[in-house]
Structures are given as structure tokens and as C-alpha cells.
Amino acid sequence: MSGFLVGLLLLAGPVSVSASEALWDVLKAGGQVVLLRHATTGSGVGDPPGFRLEDCASQRNLSDQGRQEARRLGAAFRARSIPVSQVLSSRFCRCLETAQLAFGRAEPHPPLDNLIHDLSREPERAAAIRVLASTPPAAGNVILVTHGINIAAATGIRLAQGEMIVVTPHAQGAFEVRGRISPP
């Protein structure tokens, strides 16, 4: 899909909508894709030099506040009976932990990995995220837990840590941004 068409869909969507009950009702009906930036981490951007995906101690990880945010997010989904059929996550520990704490599960998905370490992959990763965002779930909602830089590359929207956008998938690789939900 062309960047122009994505841009039109983003402009058409209520990007500045706050987390209203109407948006939660959209999620309750299912059929949505949620792009979730991992919860709050320790200070800094990216990961320390020499980090390794298989070693959480070598990465920037969730802070205690971030862990509480992730738990509250999961509680908000459960309290509203929001159906979640699949949770895909970046393989970085802060994303996996966000997904585990909020939804009790996470399926590592490399196309959601952090772009900041290899910006040459931005077009490829952004396209992969747009495909995921434009694919209607068979049931419930799909959650994509990733990084702010990835979400911005795919949608043009910059999110705070722990913030998410809800998108409605449409045919032929298009999606509509329905609104944002701030960290609980």
C-alpha cells in the first residue's frame, strides 16, 4: 500500500481521541488490531552497547512503574471483557514483559523488534506492521506489542510508553485509526 493511502487513512481517523468508553466498546466488539508501545522503562533510549536479545540483563527493561502500568492495562481489558485472540510481541524483554504482565502471554514476532538498532530496515518493518494492522482478526482482537519508533514508522503516530492506538483493518492493506488509549 502506498504511503499516501496510509496517510489518508490516518488523517481520516480520529487520531486525537482519548480513551473513551466508545473506543473500549469498539474493542469489546472485536475485529481490531491494537498497536501497543511497551510500558515505561528505565531512563534512556534504545539499549546499552553490547545488548543481547537472549539476555534481559543486557537490555533497557521495564521500571516498577512500567510493570504496574502493564498489569493495570491487562486489568482494564479484563474488566471490560475485551476479547484478545493473539498477542504478538517484539523479542525485546521490555515488550515481552509488557505482554506477559498485561495479557498473560506473548508470541515473539521478529518484525516487531526495535528499529533503532538498524534503521536501514525501517521500510521493511513498517510494511510488515502495516500488513499486521490491516489483517482482520479471525476472532477477538490482535495485540501488537512493539516500540515507539516502529509504530511511528508504520503509522506516523508517536506514542508515549504504555500508550496504544486501536485500528480497524480494511481490505487490501488499509486500516483506519480509531483512537488512542493512554497508559492506565
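Starting at the N terminus, the elements run α-α-β-α-β-α-β-α-β-α-β-β, where helices (H or I, at least four residues) and strands (E, at least two) are DSSP runs numbered from that end. Before you click around: this is a predicted model, so local features need pLDDT of at least 70 and side-chain atom pairs 80 or more, while totals for chains, interfaces and linings use all residues. Residues count from 1 along each chain as its sequence is written, and side-chain values use heavy atoms, leaving out hydrogens and water.

Color by burial next. Of the 184 residues, 48% are buried (under 20% relative accessible area; exposed is over 50%, partly exposed in between; 1.4 Å probe, protein chains only).

- Select Asp64 and Arg67: their side chains meet at 3.2 Å, N to O. Both sit in helix H3 (residues 64-79), three residues apart, about one turn of the helix. Asp64 is exposed at 57%, and Arg67 is partly exposed at 22%.
- Jump to Arg91 and Asp113, whose closest N and O atoms are 2.5 Å apart. Arg91 is in the loop between strand S2 (84-89) and helix H4 (93-103), and Asp113 in the loop between strand S3 (107-108) and helix H5 (122-133), so the pair ties together parts 22 residues apart in sequence. Arg91 is partly exposed at 33%, whereas Asp113 is buried at 3%.
- Arg52 and Glu54 come within 3.8 Å at their closest N and O atoms.

Methods. Salt bridge = Lys/Arg side-chain N within 4 Å of Asp/Glu carboxyl O.
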